[in-house]
Amino acid sequence: MANEGELKLVRKAVEVLDVLSREREPTPARIAEVIGEPRSSVYRLLASLQRLDMVEPGARRGTYRLGFHLLRLGTAVVSRFDERQLALPVMERIHDETGETVFLCVRRGTQAVCIERIEGRRVQSLALTLGGALPLHAGAGSRVLLAAESREFWNEYVSSEPLERLTQSTPVTPDELFPILEDVRSSGVSVSDGDVTVGIAAVGVPIIDYRGVIRASLAISGVQQNILGAGVRNEVRRLLIDGGREVSRGLGSELANEPIAKLG
């Protein structure tokens, strides 16, 4: 087990790396100022880190920057950020508690593609099968992904071709669709009530990664009264929001600047 002196040395090395990650090629004097260590100690730490390829000389004389060994380490960490693998236990838990269909979707062009699905015990929904897709304007999970895009993209999306109206409730015009997308942006939650299949409702939330990018959407779907009914609506919403946050944390979302519950 490491003793206190060894832990302190490792902690100081990490502090040096943190400064290098935040500031553009600082000098040893600047690093010493930030972490509150003597310059002599900082020079020794930098020399040791340089031998390990964790830091290297900067473009300007007397400055330092992060080394390529950290890039390799970072790449290894990022490679484990698999939204499907992280989401599946959360989806199973939501399914166990509700008995409803749970989806994980990603955007592919102008469609939301289902990459994982757990079938509901009461309703066998056929609107979005595993590997199937919905247009971005239809359904709760789909609209999470569309809302995450720029407003310029929204305009391009609605003007490229007429939007398909799956039911009478499907929003297919800018006047119908854009206010819904704005609400999703502000609340971080998307709601669908009969706009994909009559009588079927859904709720969707974003999955956000370490860059603050919306990687996927997590959604739950079932008969309208089981999803949006007065006695269950708040609990379904809570389960989904908590689940989306858990998966997002697994993807490193806490490193991003934006709060998980917001899209824009």
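Helix α5 covers residues 83–98, and its 16 residues should span 22 Å at 1.5 Å a residue; the end C-alpha atoms are 22 Å apart, so the two values agree. The model is a predicted one.

**Helix α5: course and end**
- A bend of about 25 degrees occurs in α5 at Pro-89.

**Helix α5: buried residues and their cover**
- Seven names make up the buried set of α5: Glu-83, Ala-87, Val-90, Met-91, Ile-94, His-95 and Thr-98.
- The cover over these buried residues includes three strands, β3 (101–108), β4 (111–118) and β8 (214–223).
- Helix α10 (233–250) is also included in that cover.

**Arg-93 in α5**
- Arg-93 sits in helix α5.
- Its relative accessible area is 35%, so Arg-93 counts as partly exposed, a class that lies between the cut-offs of 20% and 50%.
- Arg-93 and Leu-239 are 146 residues apart along the chain, yet 9.2 Å separates their C-alpha atoms.

**Helix α3: length and end**
- Helix α3 runs over residues 39–51.
- Its 13 residues should span 18 Å at 1.5 Å a residue, and the end C-alpha atoms are 18 Å apart, so expectation and model agree.
- Asp-53 follows α3 with a positive phi, near 65 degrees.

**Helix α3: two sides**
- Ser-41, Val-42, Leu-45, Leu-46 and Leu-49 are the buried residues of α3.
- Viewed down the α3 axis, these buried residues fall within an arc of 135 degrees, so they line one face of the helix.
- Arg-44 and Arg-51 are exposed on the other side of α3.
- The buried residues of α3 pack against two helices, α1 (4–22) and α2 (28–35).
- They also pack against two strands, β1 (55–57) and β2 (64–66).

**The α1–α2 pair**
- The axes of α1 and α2 come within 10 Å of each other.
- They cross at roughly 115 degrees, and the crossing is right-handed.
- On the α1 side, the residues in contact are Lys-12, Glu-15, Val-16, Val-19, Leu-20 and Arg-22.
- On the α2 side, they meet Ile-31, Val-34 and Ile-35.
- Both α1 and α2 are also packing partners of the buried residues of α3.

Definitions and conventions. Residues numbered from 1 in each chain as written. Predicted model: local features only at pLDDT ≥ 70, side-chain atom pairs only at ≥ 80, totals over all residues. Heavy atoms only, no water. Helix = DSSP H or I, 4+ residues; strand = E, 2+ residues; numbered from the N terminus. Expected span 1.5 Å × (residues − 1). Buried < 20%, exposed > 50% of the residue type's maximum accessible area, 1.4 Å probe, protein only. Arc of directions from axis to C-beta. Contact = heavy atoms within 4.5 Å. Bend = angle between axes of the 7 residues up to and from the residue. Axes fitted to C-alpha atoms, helices over the stretch in contact; angles between N-to-C directions. Left-handed = near helix turned anticlockwise from the far one by under 90°.
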